[in-house]
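Please have the structure open as you read.

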Amino acid sequence: MSGAGVAVDGPILEVRGLSKRFGAVAAAQDIDVGIAERSVVGLIGANGAGKTTFINMVTGYLKPDAGRITYASRDITGLGPRATARLGIARSFQIPQLYGSLTVLENVMVGLGIVVRNAGLGGFFARGRPHVPGYDAPEGEVAERLLAAFSLLDCRNEPARALAGGLRKLLDIALAMIGRPRILLLDEPTSGVSTEEKFAVMAMILGAVRAEGATVLFVEHDMEVVERSAERVLAFYDGRIIADGEPRAVLDDPGVQRRVVGAVPEPR
Amino acid sequence: MKRDRTPRAVGAALLALLAGGMLLPPWLQFLLTIALAQGLVALSLALLLRAGLLSFGQALYYCLGAYAAGVAGQLWHTGDMVVQMACACAAAALTAWVLGYLLARYRGIYFGLLSLALSMILYGLLVKSEALGSTDGFNIPRPSVLGLHPQESTVRYVVLAVAAVVSAGAALAVHRYLETPLGRLAPAIRDNEIRVEYMGASARAAVHVKYVIAAVLAALGGAIAAATVGHIDPDMAYWTTSGEFVFIAILAGTGSVLAPFLGAIVYGLIHSVAYGLSPNTWQLTLGSALLLVIAFLPEGLWSLGAHRRSPS
């Protein structure tokens with residue numbers, strides 16, 4: 001898993017006819033979309049519109065009932081989270097998924113250990129601290145660099161469970177970035193962050209992520225954050241993508257205004 | 001970076017045992033050797049506990065190690081501890097590798113009870129096995145080491161010395177393993193398996209490896225206990241034996257690879273003193289000791305020293 005993968009012709013992520021039902025509820029209905037490499041795409045929609053289901057299917061947590069997911073010209077439909085992560089698709093979570101009893105630094109070191117181990121290094125007889133593949137630096141140095149990129153250096157020795165909400169989010173994203181993914185899916189990266197800090201936090205996250213050349217898809221409910229951060233917006237409603245385009249155009253779309261933003265009442 | 005004192009502490013403990021062990025009376029050499037054997041099993045439990053897995057059936061591998069050593073001794077008419085321990089390790093590793101495919105899928109109480117059930121299956125098989133002495137078990141030859149046959153007066157010390165060297169080696173190997181990427185994964189698996197999988201690691205494979213390592217450690221303990229006592233029987237797999245190991249692991253804590261050995265020595269002391277004072281109610285004393293440790297030292301006896309060493 002590495003951000004320095006081979007460039008692909010066409011979209012790096014392509015989804016065709018993706019559908020998923022939970023009983024009577026259609027969480028995804030025949031979704032077709034292609035995502036260009038190194039783009040920043042915002043996913044908007046009301047709760048239950050299908051955004052997180054979409055992320056869960058792309059990252060292998062849920063198997064789609066129908067449809068096909070192609071990543072870098074490779075069919076990844078039905079692969080599990082571990083396999084998709086190793087291929088270069090990482091995610092953060094709405095509720096941060098951390099190693100609560102470990103310190104911030106230990107959280108990162110666990111992740112770096114996984115990278116080292118997946119590369120076949122760092123076994124029982126390996127001497128000293130191995131260089132982390134893709135970073136060309138020892139683990140400790142890479143950890144410091146990552147923590148600095150996400151403004152987590154000052155709390156490196158604090159247990160993850162003791163962190164404030166915003167810092168937990170940042171650590172969650174830092175953990176997702178450790179494997180230098182080519183695609184990063186962020187589920188509500190600024191939830192739990194105060195309104196005044198949202199823009200700065202989002203700018204920092206995107207700065208760190210884009211420095212690695214990753215493609216970003218993020219779920220967000222704050223339309224100002226979406227407009228400022230995204231290059232393209234996908235609006236979800238009832239398991240379908242009802243609008244796809246530049247942020248201003250999508251946000252001004254009457255259907256999106258009515259069904260997603262909630263500015264215009266539904267016609268009777 | 002904090003200096004790693006563990007290898008030096010293990011070396012010092014080994015030297016103390018090798019030098020001081022000679023001066024001890026045989027009965028104390030015996031108790032100390034049994035404590036080291038039990039410490040190896042408790043170390044295996046501590047390894048699993050770091051990943052959040054509590055085995056109520058580690059006596060399975062303790063007993064398997066002892067029987068593998070005993071059967072090897074009978075087959076080849078040898079009391080060589082090195083040969084017996086090698087056979088114990090091989091039998092345990094193979095069994096754990098196969099059973100690991102099942103156990104690595106389970107967590108929490110399911111893992112604990114499944115491991116208990118497996119140990120009781122071995123107990124049942126041994127009890128019904130006439131060839132292995134059924135409930136009586138069988139005796140094993142007097143211990144020797146790499147072709148050297150110690151005299152009656154020194155055999156206890158030789159077994160203690162072998163147990164000390166093996167325990168020190170195992171402690172250092174586990175300490176080293178915990179620093180590897182795979183070893184570091186244990187607390188991460190305990191805390192959040194979802195994140196482990198989303199970072200590209202297999203929690204199940206990591207648990208499987210830990211289970212095999214833990215089995216080998218427990219089997220080494222069993223082989224040493226067999227050589228020390230000179231007799232093995234199915235009770236070594238009985239659930240109360242597993243309970244003793246859990247008792248020692250909780251008493252000791254997981255703060256260091258030396259903690260299980262300290263816990264086993266303290267357990268042996270409490271057990272011997274309590275039995276000497278009151279043969280009918282010694283369990284009451286043991287239970288009270290465990291209650292006190294859980295109430296006042298929830299991280300085990302080792303945390304006493306750890307608190308003193310850490311700056312206020």
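The notes below describe a predicted model.

## The sheet of chain A

Chain A holds an open sheet of four strands, in the order β2-β1-β4-β5, and the pairing is antiparallel. At the edges you will find β2 (25-35) and β5 (74-75) of chain A, each of which pairs on one side only. Two bridges join β4 (residues 66-71) of chain A to β5(A) in the antiparallel sense. Tyr71(A) has Arg74(A) in β5(A) as its bridge partner.

Helix α1 (residues 51-58) of chain A packs on this sheet and touches β1 (13-22), β2 and β4 of chain A. The direction of α1(A) makes about 65 degrees with that of β2(A).

## A helix pair in chain A

Next come α5 (residues 165-177) and α6 (residues 195-211) of chain A, which pack at an angle of about 15 degrees with their axes 11 Å apart. Because an angle under 35 degrees counts as roughly parallel, α5(A) is roughly parallel to α6(A). The crossing of α5(A) past α6(A) is right-handed.

On the α5(A) side, Gly166(A), Ile173(A) and Met177(A) make the contact. Their counterparts on α6(A) are Glu197(A), Val201(A), Ile205(A), Ala208(A) and Val209(A). By type, the residues of this contact are six nonpolar, one polar and one charged.

## Where chain B meets chain A

Contact between the chains involves 19 residues of chain B and 26 residues of chain A. On the chain B side, α6 (155-179), α7 (181-191) and α8 (193-198) each supply at least two residues. The most come from α7(B), with seven residues. This side of chain B divides into 10 nonpolar, four polar and five charged residues.

Definitions and conventions:
Residues numbered from 1 in each chain as written. Chains lettered and ligands numbered in written order. Predicted model: local features only at pLDDT ≥ 70, side-chain atom pairs only at ≥ 80, totals over all residues. Contact = placed C-beta atoms within 7 Å. Nonpolar A, V, L, I, M, F, W, Y, C, P; charged D, E, K, R; others polar. Pairing = 2+ DSSP bridges. Axes fitted to C-alpha atoms, helices over the stretch in contact; angles between N-to-C directions. Parallel < 35°, antiparallel > 145°, perpendicular 65-115°, else oblique. Left-handed = near helix turned anticlockwise from the far one by under 90°.
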